[in-house]
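This briefing concerns the spaces inside a protein model and the surroundings of its ligand. Please keep the sequence and the structure in view while reading.

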Amino acid sequence: MAPMRILVIGSGGREHALVWKLAQSPHPTSLWCAPGNAGIAQERLASNGAQVQCVNLGAEDLPALQTFARDNQVDLTVVGPDNPLALGIVDSFRRHGLRIWGPNQQAARFESSKVFSQRFMEKYGIPTARAGTFTDPAAASRFAAALGGRCAVKADGLALGKGVLICRDMAQADQAIDEVLVRKAFGAAGSSLVIQELLAGMEISLHALCDGRTAKLFPTAQDHKRALDGDAGLNTGGMGAYSPTPFLGESEFAEASRKILDPWLRGCAAEGIDFHGILYPGIMLTNHGPKVLEFNARFGDPETQVYLTRLENDLVESLVASVEGALGRLELKWNAAPSVCVVMASAGYPCSYAKGKPIRGLADAAQLPDVKVFHAGTAKAGDQIVTAGGRVLGVTAWANDLRRARQAAYAAVEMIRFEGAQFRRDIAAKGLR
Ligand code: AMP
């Protein structure tokens, strides 16, 4: 592989993990991240010791990103977040002859339109919740009533991860339908909605790297969406993750792959959807087998942090294979050591929170073996690193077993301090029960 100049788009813990893993490859000679964060700016390339450079361009500023990629002869752009994908960044880079990793706008609809995804799952027999799609509030209400009011009301479009309303009775369902379709709480994202029956069970994340024809399934992971211990509190972007989970045995895992990925690939071929990137189905393990709650079309955050600390392949080679349709020849290899990521967040997150709090203890935590502190919302202020977002750090550790990995992650968390730091104390606890 020729030396490569790589641009990563995004600024969270996911992007820090991507940059960290890409930087270990011998292939890149320059690596930029737009806009990046303070931790990303500290990474160095294994090939030549060059520092990763953060570029002050927003992840949704498509024209500026494209100009940057062209002017700097970027050989590969790697897209982290969902928004630029939904805006069509892959299509516009490709039109200008720029190589870019991620699904095109049509393929990204698996995440950007829940109505599209639900209909696709039904058409191609992918196991999912019983559901209906609606634009008319009265029809939506009738369907919710048929479910006894116990349902998930989902705005069709991207709504900053807030467009899913869990309802347990008719009053809540009608309020949710009203909020989405009538009061337009999510703007245009709510011009239509999906109503799913409520499913009960253990929730896990699956990821598969795809190249248009082939999908390579990763091991399982589990995210922790709620802000507080015991899955209480508000929904967040994710407060921690671990991989693997003990909830799917080898044969159940193979079955999940067969029942979900095979029809998904068949459906993509039939519909002319050319999906290059990560397909990330959110799964409920029900008494009637695994069911897909939703599809995402990018890496999960914080799943990426635990996956990439386990992946043994060269990430540059893996992503190039995904872009070029060459995944059939690639075998993904995973370190057996479980990995645990504990997110440290700002006080108040996921609601409003303060920024600019100095973070102490990072240098000490960096000395720990088998620990990596990924930065999410951090910035440099003078020679200090300060908080700059809701999720601040993803403290990640790996070890021979899940219990030790968890202990190591929390030992590192205890070394790091910033005013108002909040984190869950039960990350990976379900996996140890
Ligand atoms: P989604 O963005 O569709 O994954 O929904 C966000 C969260 O809502 C999921 O992680 C689940 O915890 C919950 N959820 C979504 N759909 C359902 C469903 N049909 N039944 C139960 N919980 C759900």
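The lining of the largest cavity consists of 4 nonpolar, 3 polar and 4 charged residues; Ala, Val, Leu, Ile, Met, Phe, Trp, Tyr, Cys and Pro count as nonpolar, Asp, Glu, Lys and Arg as charged, and the others, Gly among them, as polar. The model is predicted: local features need pLDDT of at least 70 and side-chain atom pairs pLDDT 80 or more, while totals for chains, interfaces and linings use all residues. Residues are numbered from 1 along each chain as its sequence is written, and side-chain values use heavy atoms, with hydrogens and water left out.

**The largest cavity**
- On a 1 Å grid over the protein atoms alone, a cavity is a set of points where a 1.4 Å probe fits but cannot get out, a pocket is an open set with protein on both sides within 12 Å along at least five of seven lines, and lining residues have an atom within 4 Å of a point.
- The largest cavity holds about 70 Å³ of space, a volume being the space filled by probe spheres set on the grid points, which are joined across faces, edges and corners.
- Among the residues that line the largest cavity are F110, K114, K154, E294 and F295.
- With 4 residues, α6 gives the most to this lining; helices (H or I, at least four residues) and strands (E, at least two) are DSSP runs, numbered from the N terminus.

**The second largest cavity**
- The second largest cavity has a volume of about 40 Å³.
- Its lining has 9 nonpolar residues, 1 polar residue and no charged residues.
- Helix α11 (residues 315–324) supplies the largest share of this lining, 3 residues.

**The ligand**
- The ligand is surrounded by 13 residues, of which K154, E197, L199, E203 and E294 are the closest; a residue counts if one of its heavy atoms lies within 4 Å.
- By class, this shell has 7 nonpolar, 1 polar and 5 charged residues.
- An N or O atom in the side chain of E203 is 2.4 Å from an oxygen atom of the ligand.
- For K154, a polar side-chain atom lies 2.8 Å from a ligand oxygen atom, and for E294 the distance from a polar side-chain atom to a ligand oxygen atom is 2.8 Å.

**The second largest pocket**
- The second largest pocket has a volume of about 260 Å³.
- It is lined by 16 residues, and Q42, L362, A366, K372 and V373 are the closest to its centre.

Methods: A polar contact is a pair of N or O atoms within 3.5 Å; within protein, one must be able to donate a hydrogen and the other to accept it, and residues adjacent in sequence count only if both atoms are side-chain atoms.
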